[in-house]
Amino acid sequence: MRRARSGSLWRSAAYLRPHRWFMVAAFGAALGSMLAGLAMPLVLQRLVDGPIASGNTGALPWLVAGFLVLGVVEAALLGARRLLVVRPSTRLETSMRGDFFRHVQRLPSSFHARWSSGQLLSRTVSDVAELGRFFAFSAVYLLVNVVALVAGLGVLAWLSPVLALVVLVTYLPMVLATVAFERRFHGVARSAQEQSGDLTTTVEESVLGVRVLKTFGRGPETVRRFTAQARALRVTELRKLSLTAALWWTITALPELGVVALIAVGGYGTATGGTTLGTLTAAVTVATTMRWPADTLGWLIADASTAAAAADRYWQVRDVPVTVAEPVRPRRLPCPPRGELRLENVHYRHPESGEAILRGVDLTVPAGGTLALVGATGSGKSTLVSLLARLDDPTSGRITLDGTDLRDVPLDELRAAVSCAFDEPVLFSGTVRQNVALGLPGGREQDARADERIMDALRLAHADGFVTALPEGLDTRVGEEGTGLSGGQRQRLALARAVLPGPSVLVLDNALSALDVHTEREVEAALRTVMGTVTTVLVAHRPATLRLADQVAVLADGRVAALGTHDELMARDERYRLLLESPVTAHGPADPGQGRGPWQSAAPEVGAR
């Protein structure tokens, strides 16, 4: 465990490599300032045993000037250390956050299903900030203070070996106490960081879901849960403080006893003539100067343990393998892609539980064809469409586009060819234009023809009417996650975003579920003009939508249980009829923005995830 922790810190320290000379200079400046402080007692010894003892003031100006020079050097080097570490530590934080964010963006959708956003946020912000503080201050002084203590003992040994031995005897228990402390503190620090991440998740989920909590009267319960988490974090933080306090007491009391013992032994030596007054004064001054390195040693070790826990948490995510990666030997799609999809014995298992979600799916969608997926909850529909967009990869088997395995297609090219709209329309806290323009290559919402293309996509999704009626049209800010819009409006914007780039394959995962029946029919009529030229895979539950498909695949237990047109399946497949004849799917959910009833929002939908 200790090796793993130090390994995480060493891996994090690699980010300082481009600025290593700044760190070397900072270490040198901090060490120089410490040594300048230790040199001052030697000048004091000369002053006491020289001019003060003999009454000869000839050397007094030079000794005073020496004090002044050492003081100026100490102050200047302290300031230089602060300036020197600013660039490396801030660059370290920026680089680590950038690499973390890029890595998380590349991880498959199965990873994000397992990790809460609060935990990822705390690792990106709090843990990286902790590492930046550690390398900017604690790492430097942890080394410098150890060197200073050794140098101080060396100065004491040069002044008087007996006095040095007295101080050393009192410092040894302090070293043992710090070692024992570090072992216990690391676990407590890691627990506090994990609890802080959970607390962040609760706050984020409560803010984003505040309307749901208010609707169901769950506000007080959420407050109680948050309070319980906050109290648990407080208990852990108090444990950290109690451990730190015990260490501080140890490292404060033992040096004090060392100074007392030094004065007692040195005072006796001075009284009996074995030690000069200057030597005793210098020894006491050196011991006092060593107090700061000794006193801060416990805090620095605690900070190092906290930083090690932060590094462990950071690299825990960074070490998750990127399974959806760029191909080693990329193969290009035809230009333009035809859009033929083929699934060959596709299996998928959950990476954590090993549960089989898809068990040998074989399907073919010809170029320009439309395939609808129907099935009960847990049948594997959403997993299957995520594989088509290569948000994850099959455990075995393969999916091809125009005869090319998706894993062999460069990701940029695949993203341009396959576009998706999901049942949960995700909007960002920008304008309507910015949200829809995500569908443009590189998000080029400022292109000359961008607004024209955006409006065409909005018309296709029947979203142009309400967008035009917004206070600032395309420049209207939709609020965080589109909270200023109804569910149907959000879904139409997401659909417009999906069709905007003109993909070869369009994947719709219940993308019409939040529309009222009238709007859905209008959108379906518009989609008919697209479906003849674009290969479409859609998850649906309404008969009118299913009639748009050339083929309907019924999924059950991760397999294709039946395949045919809507009319064929209605005539011969009882499972299919039961799925479509449920009360919810017969009527269909209403648009949340147009008065969805509470019974409709609570009922399960056929074809839902």
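Phe100, Tyr314 and Trp315 come together as one aromatic cluster in this predicted model. Pairing here goes by ring geometry: rings of Phe, Tyr and Trp (its six-membered ring) pair if their centres lie within 6.5 Å, with planes under 30 degrees apart counted as stacked, over 60 as edge-to-face and the rest as tilted. On that basis the structure holds five aromatic pairs. One of them joins Phe134 and Phe135, and it is edge-to-face because the ring planes stand at 70°, with the centres 5.2 Å apart. Another pair, Phe137 with Tyr141, comes out tilted, at 4.9 Å centre to centre and 45° between the planes.

A word on the ground rules. The model being predicted, local features need pLDDT of at least 70 and side-chain atom pairs count only at pLDDT 80 or more, while totals for chains, interfaces and linings use all residues. Residues are numbered from 1 along each chain as its sequence is written, and side-chain values use heavy atoms, with hydrogens and water left out.

On to the setting of those rings. Helices (H or I, at least four residues) and strands (E, at least two) are DSSP runs, numbered from the N terminus. Phe137 and Tyr141 sit four residues apart in helix H5 (residues 117-159), so about one helical turn separates them. Burial is sorted by relative accessible area (buried under 20%, exposed over 50%, partly exposed in between, using a 1.4 Å probe and protein chains only). Tyr141 is buried at 4%, whereas Phe137 is partly exposed at 25%. Phe134 is buried too, at 6%, and Phe135 also counts as buried, at 7%.

Phe135 is likewise part of helix H5. Contact means heavy atoms within 4.5 Å. Setting aside neighbours within four places in sequence, Phe135 touches Leu9, Ser12, Ala13, Leu16, Met23, Leu92 and Val140. Phe135 and Ala307 are 172 residues apart in sequence, yet their C-alpha atoms are 9.0 Å apart in space.

Zooming out, the chain has 22 helices and ten strands. Of its 609 residues, 49% count as buried. Among the contacts in the chain with a separation of 6 or more, 77% come from residues 24 or more positions apart.

Next come some backbone details. The peptide bond from Cys335 to Pro336 is cis, with omega near -5°, and Pro336 is found in the loop between helix H10 (291-318) and strand S1 (341-349). Arg390 has a positive phi, near 55°, despite not being glycine. Arg390 belongs to the loop between helix H11 (381-388) and strand S4 (396-401) and is buried, with a relative accessible area of 3%. Asp402, also not a glycine, has a positive phi of about 55°. Its loop runs between S4 and strand S5 (404-405), and Asp402 is buried at 9%.

In helix H14 (residues 450-460), the buried residues are Ala450, Ile454, Ala457, Leu458 and Leu460. They cover an arc of only 160° around the axis, which puts them on the same side of H14; the arc is that of the directions from the helix axis to the C-beta atoms. After H14 comes His462, with a positive phi near 55°. Leu546 lies in helix H18 (residues 543-546) and is buried, with a relative accessible area of 0%. Beyond neighbours within four places in sequence, Leu546 is in contact with Ala372, Val374, Ala540, His541, Val552, His566, Tyr576 and Leu580. Leu546 and His566 are 20 residues apart in sequence and 6.3 Å apart in space, C-alpha to C-alpha.
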